[in-house]
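Please read them with the structure open.

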Amino acid sequence: MTRAETKERNRRALLNAAYQVVSRDGYRAKLDEIAERADLTTGAIYSLFGSKDGLVVALVADYLRPYYEEIEQAVPSGLDLIEAVDAFARHYRRSCDAPDARSALSLQVTLLDMALHDPDLGAQLATSIRSQENHLIALFTGRSHKGSIVSSHQAQRLATALRALFVGLSQGVILGLAHGADEQYFADTARALVSERSLIDHDMDAS
């Protein structure tokens, strides 16, 4: 292996180990155990990520990257806004039935707990998540909707509403609390969010 290949292998091993340990222990996760699971030393963690917080932030980015890539594939560029929201909703619902859905939910809850215990880490996680969500904003920006073109600002407002809706619904599905919340239900509730008022910033509208 080249030096670059070895570095990437070690990075991947640490991220995989961190996923397992952080999902289970949250802010109590020990660097020693993460390094041991990866068959490396804690020095490798500091060398590659700088700190425990750096490792966690990298873990979030690594977890979200393929998630947004899958969304881009599930929502073709030729769809108008309503069609795109419908496709996104159905894709989100299918992800609730994935084999790793429960472990993914466990990681989400754990990261929230960590952010609450460590405000500095919380700020870093928020920055990482926002940068990834730009992919979702870009996914809706420029689509047609009732004779108009969706702006980046409008797409951002819609993405915020959809994220809040689907986080709650998906948790209910995975935990068995959202009975009857099938693909059609996800699509119907998502499309209900798409209205002229929901896409307009009230401060901008008032001015």
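1. Basis. This is a predicted model; local features need pLDDT of at least 70, side-chain atom pairs count only at pLDDT 80 or more, and totals for chains, interfaces and linings use all residues. Residues are numbered from 1 along each chain as its sequence is written, and side-chain values use heavy atoms, with hydrogens and water left out.

2. Aromatic pairs. Rings of Phe, Tyr and Trp (its six-membered ring) pair if their centres lie within 6.5 Å; planes under 30 degrees apart are stacked, over 60 edge-to-face, and the rest tilted. The count by this rule is 7 aromatic pairs. One of them joins Tyr67 and Tyr92, edge-to-face, with 6.3 Å between centres and 90 degrees between planes. Tyr67 belongs to helix H4 (residues 52–74) and Tyr92 to helix H5 (residues 81–95), so the pair ties together parts 25 residues apart in sequence. Helices (H or I, at least four residues) and strands (E, at least two) are DSSP runs, numbered from the N terminus.

3. Is Tyr92 buried or exposed? Tyr92 is buried, at 12% relative accessible area. Tyr67 is partly exposed, at 21%. The cut-offs are under 20% for buried and over 50% for exposed, with partly exposed in between (1.4 Å probe, protein chains only).

4. The cluster. Tyr67, Tyr68, Phe88, Tyr92, Phe140, Phe166 and Phe186 form one aromatic cluster. Arg93 lies over the face of Phe186, 5.9 Å from the ring centre. The rule for a charge over a ring: NZ of Lys or CZ of Arg within 6 Å of the ring centre and within 35 degrees of the ring normal.

5. Phe140. This residue sits in helix H7 (residues 119–140). Phe140 is buried, at 0% relative accessibility. Leaving out residues up to four places away in sequence, Phe140 touches Leu81, Ala84, Val85, Phe88, Val150, Ala155, Leu158 and Leu162. Contact means heavy atoms within 4.5 Å. Phe140 and Leu158 are 18 residues apart in sequence, and their C-alpha atoms are 8.5 Å apart.

6. Asp62. Asp62 lies in helix H4 and is buried, at 15% relative accessible area. Which side chain does the side chain of Asp62 meet in a polar contact? The partner is Arg12, at 2.6 Å. A polar contact is a pair of N or O atoms within 3.5 Å; within protein, one must be able to donate a hydrogen and the other to accept it, and residues adjacent in sequence count only if both atoms are side-chain atoms. Neighbours within four places aside, Asp62 is in contact with Arg12 and Leu15.

7. His91. Helix H5 holds His91, which is buried at 13% relative accessibility. Residues up to four places away aside, His91 touches Glu70, Ile71 and Ala74.

8. Two positive phi values. Most residues other than glycine have a negative phi. Asp39, not a glycine, has a positive phi of about 60 degrees. Asp39 is in the loop between helix H2 (31–37) and H3, and is exposed at 69% relative accessible area. Lys146 also has a positive phi, near 50 degrees. Lys146 is in the loop between strand S1 (144–145) and strand S2 (148–149), and is exposed at 65%.
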